[in-house]
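Let's take a look at one protein chain together.

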Amino acid sequence: MGVSYSPIKLFGQPKMAALLVLGFASGLPYFLTSRTLQAWMTTSGVDLATIGMFSLVALPYSLKFLWAPLLDRYIPPFLGRRRGWIFILQLVLMIAIGAMMFRNPTRSIQLIAINALVIAFVSATYDIAFDAYRTDVLEHREMGAGASMGVLGYRLALILTGSLALILADSIPWPMVYAIMAGTLLLPMIATFRAPEPVLKDKGPQSLRDAVILPFGEFFQRVGPARAFAILGFIVLYKLSDYLAAAMATPFLLEIGFTQTQIGAIQGGIGMVTTIVGTLAGGLVVARLGINRSLWVFGLLQAASNLMYYLLAVVGQNTALLTTAMIVENFCTGLVTAGFVAFLMSLCSVRFSATQYALLSSLMSFSRDLLTSRSGEIAESTGWPSYFLITLAAGVPGLLLLPIFAPWNKDQPLGAAEHTGAVTNADGDQETPRAGTEVR
């Protein structure tokens, strides 16, 4: 008996609409404390050294696992365990972003730094709450689609804050731009009230000590020590091929003769669209194939997509080949994002999803930030064609670990947590939806 997933029914569920809007709130603050804020400071005459120091504002995103247990342990007095935190953090975010309208880079750069740090901290905490909500509200076959809707909302917010905000700043003062950006959070706040709340069958941690310690013990006991370490290694290695290629993509393209305008137009236009399309397609593939088979297929496609960069390195400057390379790479990146996020969610117990997801995703950041730090030296010593063949080979170790915990003949990873998708809807009724499935 097979299971077929209707795309309309799968993506048309109320929970998917909620994830889209809540994902938008997750992405909104990021550029407002980085790229867009840098533009405001630059046009205000702030020196480059000071602007460069503002990169430290992003530190809370890397350290958020430290306070993630608080969101598993404490339950707000309204809207439930997950939506309660989401609403509170949306409100604080709106106030913090709105407060930027009272700042002036030429007179109060310290206050801007403090304000930006507060926004980043609250935003990182919101990401904890949103990741936990997304994990808890979905059943296994829905996780790819849920991941894709969250990513779509996030990227729409990046377009708003990274492009529209700059366009507005040419017509109105920067403080008003930030006030408008803060106002856009009203829609996610309204959506939070209508969104379904995940059902917690078992009690969450009853003390802060339990919230810190039990997630580790529960994960290793459920998965098994040997398989757990294989999974942790896989998380570090799975996207290494993609990270290595991305780390050197821009220097490579500039060096072989493409202009910044060409790169920016193709990456920002075609690249953004194909990433979104790939992410949505990945969600549907996960629903049809299951998480395990999706990891196999996406992993192979991800590594193979680096062959396009290898061809560019051999052929040289070729606009048609560059466009094709960007389409293939970004589409495969979207597929991998949907499958990998679904995999991470499947490993998290509903009791501790805030803490476990924050910890597992921090391992992914380790691969991105640390293991790619020597990529420039490797490229210099090997040359571009050999470098991109190395990035292709870097995808192999992660794939070799898949049989240990994600065998092809199983839908879900071995040791995956239970995820029924049971929710309490806006009317207070409990339901366990299976929308999007047709049994054949």
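How are α20 and α21 oriented to each other: roughly parallel, roughly antiparallel, roughly perpendicular or oblique? They are oblique to each other; angles under 35 degrees count as roughly parallel, over 145 as roughly antiparallel, 65 to 115 as roughly perpendicular and the rest as oblique.

A quick note on the source: this is a predicted model, where local features need pLDDT of at least 70, side-chain atom pairs count only at pLDDT 80 or more, and totals for chains, interfaces and linings use all residues. Residues are numbered from 1 along each chain as its sequence is written, and side-chain values use heavy atoms, leaving out hydrogens and water.

**The helix pair**
- Helix α20 covers residues 375-382 and helix α21 covers residues 384-393.
- Their packing angle is about 130 degrees, and their axes (lines fitted to C-alpha atoms over the stretch in contact, with angles from 0 to 180 degrees between N-to-C directions) lie 7 Å apart.
- On the α20 side, S375, I378, A379 and T382 make the contact (heavy atoms within 4.5 Å), and on the α21 side it's W384, S386, Y387 and I390.

**The whole chain**
- The protein chain has 22 helices (DSSP runs of H or I, at least four residues) and five strands (E, at least two).
- Its C-alpha atoms fill a box of roughly 55 × 50 × 40 Å, taken along the principal axes.
- Buried residues (under 20% relative accessible area, with a 1.4 Å probe and protein chains only) make up 54% of the 440 residues in the protein chain.
- Of the contacts with a separation of 6 or more, 84% join residues 24 or more positions apart.

Conventions:
Buried means under 20% relative accessible area, exposed over 50%, partly exposed in between (1.4 Å probe, protein chains only).
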